[in-house]
Amino acid sequence: MTQDEPTAGHAAARLDARLSELPLEVAPGRDLWPDIAARIDERAPPVAPATRRAAWLWQAAAAVVLVAGSSLLTASLLDRSVLQQQSAVPPVPANAHATVVMPAAFGPAGQLDPEYVATRRQLTQVLDQRIAALPTSARAKLEFNLGELRRAADEINAALAEQPGDPLLEELLLKTYQDELAVLSNVSQLTNSLANEPANMPVSPTGERMQL
Amino acid sequence: MAHAGEVVDELQRVREAAKERRLVTSAADGSAVAFEQLYRRHCARIHALCLRMTGNVATAEDCTQEAFVQAWRNLRRFETRSAFGTWLHRIAVNAVLQQTRRRAESLGAEDSVEREVADVLADHLTVDPGRSRDLETAIAGLPPGARHVLVLVGVYGHSHEEASQLLGIAVGTCKAQLHRARALLSARLGETEWNHDAG
């Protein structure tokens with residue numbers, strides 16, 4: 001081995017670096033969809049065995065997509081009395097946020113994890129206390145999106161009342177709660193860091209301290 | 001200050017994830033329209049994977065197509081706790097492996113095919129296109145087993161455990177194939193670069 005020859009480790013590292021620079025997306029030279037569409041039309045679509053369940057899943061999933069103001073599960077499908085019987089609904093804390101979502105019951109004996117409920121309540125309280133520190137536009141977006149997430153969770157809860165134990169609905173609901181918790185946690189961290197900023201930090205004429 | 005931007009990014013990510021879940025649920029319910037949107041979102045990534053794993057443009061298109069058809073047929077088995085893209089990636093790898101077994105050929109060994117693949121990939125190269133094109137050509141020229149491992153571990157960042165599961169081989173085999181792939185690539189790229197310098 002001469003002085004100019006790289007070591008095997010160095011060569012491997014250099015090769016790995018080059019491999020990592022390669023594009024991960026390369027569109028096909030032609031649109032493959034027409035051929036795919038023709039092939040999937042040959043077979044029956046993957047229809048769920050229980051049509052009624054499929055309808056619920058669609059509506060619940062649509063709720064998760066945060067369609068503003070939508071109530072995809074109509075009143076005729078909702079039986080609030082069933083909801084009350086099948087969902088063990090603990091009382092909402094008096095100091096909780098006005099739009100706090102109704103906790104879900106996963107089956108006759110199932111409830112949300114108490115640790116999760118406590119964390120969520122704590123984060124919601126933090127949000128209530130600190131939301132004023134956010135810029136107006138960020139606050140509006142945050143409130144809107146949290147509201148949508150919570151509405152989605154409400155509607156999936158209602159669907160679960162009709163279809164207790166449905167695994168996909170439960171999955172959707174859990175994911176929605178996780179999304180909400182992630183947003184709350186993120187805001188909590190954000191406002192924490194804001195609180196730690198120097199008091200003489202420049203403030204815009206509208207009172208906004210952060211750039212979007 | 002990027003904090004508020006991060007919150008908005010997080011919300012955007014949540015929205016995108018929610019939109020994808022809706023599309024998957026709708027497609028599983030039989031909506032070809034929703035499935036086409038999923039295809040549009042993921043086809044470039046799946047096609048790139050197939051292109052590199054097969055080393056052949058026509059076979060890559062066949063495998064991409066097959067992956068989406070199989071995804072459609074098995075959508076109801078998809079568990080939403082994992083990402084749709086990850087699930088689709090796995091299906092695409094299976095499609096490539098089945099195609100490789102079915103055809104029992106090493107198209108990547110043909111120089112004309114290597115050039116064809118490199119030409120397609122070269123259009124998407126942003127970093128030092130000349131050298132990257134040589135790299136793509138060299139990858140396409142690897143023996144299938146070594147190429148599959150190199151693409152999954154080296155390009156797509158899978159661990160040896162993940163790649164061995166995807167390919168249905170032992171972890172030790174996976175490591176050996178990667179070692180082989182690196183050695184072959186280094187030798188080939190060394191020659192190419194030396195020739196460039198000499199030229």
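At what angle do helix 7 and helix 8 of chain B pack, and how far apart are their axes? Before I answer: this is a predicted model, where local features need pLDDT of at least 70, side-chain atom pairs count only at pLDDT 80 or more, and totals for chains, interfaces and linings use all residues. Residues are numbered from 1 along each chain as its sequence is written, with chains lettered from A and ligands numbered from 1 in the order in which they are written.

Helix 7 (residues 144–155) of chain B packs on helix 8 (residues 160–167) of chain B at about 135°, axes 9 Å apart. Axes are lines fitted to C-alpha atoms, for helices over the stretch in contact, and angles run from 0 to 180 degrees between N-to-C directions. That makes the pair oblique, the class left over once angles under 35 degrees are roughly parallel, over 145 roughly antiparallel and 65 to 115 roughly perpendicular.

From helix 7 of chain B, the contact uses His148(B), Val149(B), Leu152(B) and Val153(B); helix 8 of chain B supplies His160(B), Ala163(B), Leu166(B) and Leu167(B). Contact means C-beta atoms, placed from the backbone, within 7 Å.

Now chain A. There are seven helices and zero strands, taken as DSSP runs (H or I, at least four residues; E, at least two) numbered from the N terminus. Mean pLDDT, the predictor's confidence in each residue from 0 to 100, is 61 for chain A, and 46% of its residues reach 70 or more. Helix 4 (residues 80–86) of chain A is lowest, at a mean of 36, and helix 2 (residues 33–42) of chain A highest, at 87. Over residues 47–56 of chain A, pLDDT is below 50; residues 62–110 of chain A stay under 50 too.

Key. Two residues are in contact if their C-beta atoms, placed from the backbone, lie within 7 Å.
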